[in-house]
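Subject: Structure for your review

Dear colleague,

Please find below the structure that I am handing over to you. I would be grateful if you could read the notes that follow it with the structure open beside them.

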Number of protein chains: 2
Amino acid sequence: MTARAAAIAPGGIGNIGPGLDVLGMAVSGPGDRVIAERVLGRGVTIADAGHPELPTAADRNTAGIAAMQVLSFAGAENVGVSLTVIKGLPLSGGQGGSAASAVAGAVAVNRLLGNPLDPMTLLACALEAEATVSGRHADNLAPAMFGGISLIRSLAPLDVIALPVPAALRIVMAHPDQRLRTADARAALPQSIDRALVIAQMANVAAMVSGFWAGDLQMIGRGLEDQIAEPARAPLLPGFIAAKTAAMEAGALGGSISGAGPTSFYFATNDLSAQRVAHAVRDAYAALGIACDTRVAHVATQGAIGLSEDSTSV
Amino acid sequence: MTARAAAIAPGGIGNIGPGLDVLGMAVSGPGDRVIAERVLGRGVTIADAGHPELPTAADRNTAGIAAMQVLSFAGAENVGVSLTVIKGLPLSGGQGGSAASAVAGAVAVNRLLGNPLDPMTLLACALEAEATVSGRHADNLAPAMFGGISLIRSLAPLDVIALPVPAALRIVMAHPDQRLRTADARAALPQSIDRALVIAQMANVAAMVSGFWAGDLQMIGRGLEDQIAEPARAPLLPGFIAAKTAAMEAGALGGSISGAGPTSFYFATNDLSAQRVAHAVRDAYAALGIACDTRVAHVATQGAIGLSEDSTSV
């Protein structure tokens with residue numbers, strides 16, 4: 001057992017349009033880091049939650065809960081661990097920040113213990129954290145852990161299928177200056193869904209998944225049509241419909257709300273097209289007086305990784 | 001324009017478990033044949049519907065409606081066509097018989113006219129027939145037309161994605177001595193579906209589709225779990241649950257109701273395993289006093305084909 005270990009996990013896109021709770025991808029760019037240090041006493045404490053609005057009680061902090069689960073699964077409840085969370089991802093942004101912190105927390109503490117647990121077990125540990133703070137779903141967690149694009153077939157048993165990553169795919173991440181609580185975004189979802197809509201949604205998810213397997217970006221774009229969550233959440237996200245319309249006119253393959261929002265994402269076939277889409281989205285928000293950060297990214301094929309001692313300084 | 005043309009189209013499995021209206025596959029074995037003959041007058045008449053219970057009014061007969069559509073799309077409404085249908089597939093069997101007749105009718109009449117229409121247009125013609133007799137869905141039609149495994153992303157526009165066929169996959173088709181009208185089977189489906197079930201169903205469809213792409217029979221089996229139609233229709237199909245239980249115990253990868261039933265199907269990894277599953281299913285039905293035909297088949301990669309003049313004799 002070392003005295004100190006750290007890990008970083010990428011953010012990403014949950015749902016990926018129609019794949020509510022089922023599909024997610026890791027996206028290049030910022031991630032959340034967690035540093036775990038051995039301390040006297042037993043159990044998990046949070047030295048720094050990474051943001052004033054994040055809870056410092058371990059059992060309400062996503063990295064903390066995941067860490068507690070790891071200690072429990074590893075039979076190391078008598079170990080004392082202090083966590084420092086460094087948020088690279090926005091709070092309530094819809095970029096998988098809570099999942100990335102949970103995964104980084106699990107991986108860091110596992111490293112601290114000498115890696116007794118395998119990645120699927122760490123994923124199960126992180127799932128308990130996500131379930132507590134934003135709902136029992138793994139569409140952000142699995143990509144944060146494994147990288148790439150994940151299909152979550154089932155949570156019990158935990159069955160995750162890695163989908164191929166089309167190398168050409170470019171992603172515009174658009175983060176307007178808005179906040180949307182995951183709980184509010186989930187409350188907007190219908191409890192019950194008309195059968196015709198269910199059939200359309202299943203077909204689109206299957207087409208998008210086929211597009212990933214076939215490396216067919218147009219097919220991915222055709223399948224990227226969410227008739228359930230997007231119409232329910234769009235009214236909570238002023239400017240989203242204008243931004244998406246502008247993105248499609250600028251040549252996006254498709255787009256939707258990332259996770260529970262407010263970040264939206266747009267797929268493009270290359271960097272130039274992605275830059276055009278990013279411009280169009282920024283302009284559309286600006287016309288409504290809403291500031292919006294955009295960046296062009298790609299699927300992050302690397303998931304969570306342990307960081308060397310040099311990287312563990314805050 | 002020739003005086004006589006014929007075509008045959010394969011039967012198959014609609015829905016393929018969770019893929020309600022979305023997934024279908026053509027299955028080796030019997031198909032429906034349609035012979036189209038040029039006659040005096042204009043429009044479509046049915047010389048022989050192929051079964052005493054099938055309508056001889058062209059506008060209520062699936063082959064007849066498809067033929068009328070072909071004449072209309074081809075601008076050949078002034079042509080007189082007489083159809084002879086030879087049913088290889090059971091009536092109300094859940095093996096895609098109405099779709100096969102519609103597709104064979106469309107292909108035969110198109111040949112009679114000198115092939116003016118492309119296959120996607122013929123599929124649209126057959127869709128009008130299926131919509132009239134059993135509902136607007138193309139999960140049996142597309143495989144009957146193209147062979148293989150089809151994903152129907154959308155009906156308007158008609159968007160069909162061909163999925164790879166795993167060569168090793170074996171299929172047990174089990175046809176108990178029962179009848180279930182498609183209309184009754186569709187009436188049993190819930191109008192509205194709980195969100196948690198929708199998510200599970202999307203995940204299973206996506207996993208099965210991934211299994212076809214990956215050639216991973218175990219993954220196909222894991223995804224072959226229908227939580228919507230199968231539980232709703234099983235009560236209409238005495239013996240099905242016992243048969244499926246026996247099939248799974250005998251080593252089936254998975255199984256479900258074929259289309260609207262009463263035929264059920266089971267996937268297996270090889271011929272020997274499939275034979276074992278077929279035995280188990282027959283025995284399970286027999287224990288309940290229900291006769292059941294079983295056959296071991298594979299995905300039919302060939303869809304509808306025109307038949308030579310020699311084959312057009314009844």
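Predicted model: local features only at pLDDT ≥ 70, side-chain atom pairs only at ≥ 80, totals over all residues.

For chain A the average pLDDT is 95, and 98% of the residues score at least 70.

Domains of chain A

The domain assignment divides chain A into domain 1, residues 4-163, and domain 2, residues 170-297. Between the C-alpha centres of these two domains of chain A the distance is 25 Å. Where they touch, domain 1 of chain A contributes 25 residues and domain 2 of chain A contributes 33 residues. On the domain 1 side, the elements of chain A that supply two or more residues are β1 (4-14), β2 (23-39) and β5 (149-155). The largest share of that side, four residues, belongs to β2(A). In composition, the domain 1 side has 11 nonpolar and 14 polar residues, and no charged ones.

Contact between the chains

Chain A and chain B meet through 33 residues of chain B and 33 residues of chain A. On the chain B side, two or more residues each come from β5 (149-155), β6 (158-163), β8 (192-194), α6 (195-214) and α7 (217-223) of chain B. Helix α6(B) gives the most to this side, with 13 residues. The residues on the chain B side comprise 19 nonpolar, eight polar and six charged.

Strand pairing also links the two chains: β8 of chain A, residues 192-194, is joined to β8(B) by three bridges, and the two strands run antiparallel. Within this pairing, I193(A) has I193(B) as its bridge partner.

Nonpolar core

The largest nonpolar core holds 228 residues. The members that touch the most other members are V103(A), A126(A) and V281(A), together with V103(B), A126(B) and V281(B). Leaving aside residues up to four places away in sequence, V281(A) touches V172(A), A174(A), A243(A), A246(A), A247(A), Y266(A), C292(A) and T294(A).

With kind regards

Note on methods
Residues numbered from 1 in each chain as written. Chains lettered and ligands numbered in written order. Domains from an automatic or database assignment. Contact = placed C-beta atoms within 7 Å. Nonpolar A, V, L, I, M, F, W, Y, C, P; charged D, E, K, R; others polar. Pairing = 2+ DSSP bridges. Core = buried A, V, L, I, M, F, W, Y, C linked by C-beta atoms within 7 Å. Buried ≥ 20, exposed ≤ 12 C-beta atoms within 10 Å, placed from the backbone. pLDDT = per-residue confidence, 0-100.
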